[in-house]
Amino acid sequence: MNSQQKISNLDNLVFDNCFIRELPADTETINNRRQVIGACYSRVLPTPVANPQRVAYSREAAELLDLTTDACESDDFIQVFAGNRLAAGMEPYATCYGGHQFGNWAGQLGDGRAINLGEAVNRKGERWALQLKGAGPTPYSRTADGLAVLRSSVREFLCSEAMYHLGVPTTRALSLMLTGEPVIRDMFYNGNPKAEPGAIVCRVAPSFTRFGNFQILTARRDIVLLKKLADYTIRTDFPHLGEPSPATYVTWFTEVCRRTAEMIVHWQRVGFVHGVMNTDNMSILGLTIDYGPYGWLENYDPNWTPNTTDAEERRYRFGNQPQIAFWNLGQLANAIYPLIEQVEPLQQALAIYTETFEQGWQAMMAGKLGLNAFDPATDGELCTGLLALLQLVETDMTIFYRQLAMLNTNMETPLFVSNHEDAINHFSMAYYVPKQVTPDYKERLGLWLNRYFNRIKNDGAPDDIRRRRMNSVNPKYVLRNYMTQLAIDKAEQGDFSMVNELLELLRRPYDEQPGKEEFAAKRPDWARQRAGCSMLSCSS
Ligand code: AMP
Ligand code: MG
């Protein structure tokens, strides 16, 4: 595409606002908090802000909308994506959804701090919904203010784009603006409220529809509207499935199961912990959505969750994500049951989730180990052995796999079997607590490596091919929790350079990036217990 075809004036974006055209609106137009019955959305305007300022924007997300660099760097871009001006064709609204929060039905939730601007259709004919997060209250804001703070907005902005570049299905982030207005937050809900800078992220996705958009309608026994929303979703977001019918609802649900399984396999591959997998935070498109108290696994620990709100039960811990996604899909199945009225096909679809996840997980682990394919005869044990080893000593998962790829299997095999110290030295940069490296651990690492090398020999791929395979699925750079916090600390002082540096770094997470090695190193000790680095809450 040449630059003439690109959009430099935001009023030239082409909007086709299907969602509000085809689905029923809330008839009440006053923006007060309420239960919204018999409607999928409420029209609501973003609240203007005093002094908006651009912190960052994603050029790849801008490309989805055909926007030029000039458009993104214009003052108008700031005004529009801070919610101060509607570009031509924008028709803002907030959607109604419900959800299960931490396993309990919570009733109506809805876009409490998200306002959709409309659906832009790009030159390729792709539909991209634009949504401001933190642009003021909506009928769904319940007791909260509809605002977002810089800290959580930096986290959402950077992680959305990092996940995209890692190849993980995700909603995207176009822009990050400061509002110039303070927002009061009690970060750990412990009676210490303070003023923080307000911010707004513009998110981009084909659709922001969640499991909870369907659930709320069934909970209210509004099956006519449930059918309307399902039909709309199938026609708009799953057009390849054909015209809606009971059979189509089943194939649709099956596809949601499959996509969700694929997304979770990716999370487990890169060490992403969502932190709040409530059903209102599950996208019908199988996209990672709602970046709140998420975290990146540093030392491999399946029991870890970054979310202090979930510290006791650890429902959303890393190792539980596959089961939780299944449970959430079960809730979606209950919600769409009235459209199908048969249990069996829904159960079969749920079984497809399990199958897709298991096969996907095996293929993913084979990739992480550089194998051509997963051989159940040997590789189940190979993986279990490795994952146990990674937990014996606090081991940085990301670094470990990159170091594993570096091994020269021809030369180092005999060495490592006889000399464990060399193996330990090779992985030392991944260990958080060196004194945990006991003689017993060394022995077990040596045995595992021996088994791995034998497996590699049988696999037959030479080291350079194995290494390339591994380095294309094992990232060198991930959005380590402490790095984001450092970027936030600076941004809160008015210095946006690190937000932009991390955005740039994470555009190529699998590449060696000379000069950037500090970002591939393990988490520094000071970050182990610091708020924001390992502990987060739902407050944002
Ligand atoms: P979350 O846990 O962030 O997914 O949010 C759960 C629900 O609370 C959603 O309905 C959000 O829209 C709503 N919510 C969270 N934070 C705020 C806020 N600051 N203002 C209004 N609604 C909020
Ligand atoms: Mg949410």
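In strand E7 (residues 127–133), Ala129 is the bridge partner of Glu119. Strands and helices here are DSSP runs numbered from the N terminus, a strand (E) having at least two residues and a helix (H or I) at least four. Strand E6 (residues 114–121) and E7 pair in the antiparallel sense over 7 bridges, where pairing requires that DSSP find at least two bridges between two strands. The model is predicted: local features need pLDDT of at least 70, side-chain atom pairs count only at pLDDT 80 or more, and totals for chains, interfaces and linings use all residues. Residues are numbered from 1 along each chain as its sequence is written, chains are lettered from A and ligands numbered from 1 in the order in which they are written, and side-chain values use heavy atoms, with hydrogens and water left out.

E6 and E7 form a hairpin with 5 residues between them, and in the turn Gly125 has a positive phi of about 85 degrees. E7 also pairs in the antiparallel sense with strand E9 (residues 194–205), over 5 bridges. Within that pairing, Lys133 has Val201 of E9 as its bridge partner, and Leu132 has Cys202 of E9. E9 in turn pairs in the antiparallel sense with strand E8 (residues 172–185) over 10 bridges, and Met177 stands opposite Ile200 in E9.

The next topic is the nonpolar core, a term for a set of buried Ala, Val, Leu, Ile, Met, Phe, Trp, Tyr and Cys residues joined through side-chain atoms within 4.5 Å. In soluble globular proteins, nonpolar side chains tend to be buried together. The largest such core holds 169 residues, of which Phe81 and Leu404 touch the most other members. Helix H8 (residues 246–270) supplies the largest share of this core, 12 residues.

Leu404 is one of the buried residues of H12, among them also Met397, Phe400 and Arg402. Helix H12 (residues 397–406) has 9 of its 10 residues buried, so the helix is largely enclosed by the rest of the structure. The cover over its buried residues includes H8, H10, helix H11 (376–392), helix H14 (420–427), helix H15 (439–459) and helix H16 (463–471). Contact means heavy atoms within 4.5 Å. Not counting residues up to four places away in sequence, Leu404 touches Leu369, Phe427, Trp448, Leu449, Tyr452, Arg466 and Met470.

A pair of aromatic rings is described by the distance of the centres and the angle of the planes. Rings of Phe, Tyr and Trp (its six-membered ring) pair if their centres lie within 6.5 Å; planes under 30 degrees apart count as stacked, over 60 as edge-to-face and the rest as tilted. By this rule the count comes to 23 aromatic pairs. One of these is the edge-to-face pair of Trp267 and Phe272, at 5.3 Å centre to centre and 65 degrees between the planes. Trp267 counts as buried at 1% relative accessibility, and Phe272 is buried with a relative accessible area of 0%. By contrast, the pair of Tyr353 and Phe357 is stacked, because the ring centres are 6.4 Å apart and the planes are at 10 degrees. Tyr353 and Phe357 both lie in helix H10 (residues 343–369), 4 residues apart, about one turn of the helix, and both are buried. Trp267 and Phe272 also belong to one aromatic cluster with Tyr291, Tyr294 and Trp296.

The magnesium ion (ligand 2) has Asn281 (OD1) and Asp290 (OD) as its protein donors, lying 2.0 to 2.1 Å from it. Donors are N, O and S atoms within 2.8 Å of the metal (3.2 Å for Na, K and Ca); water is not among the atoms, so sites may look incomplete. Asn281 counts as buried at 10% relative accessibility, as does Asp290 at 12%.

Key:
Buried < 20%, exposed > 50% of the residue type's maximum accessible area, 1.4 Å probe, protein only.
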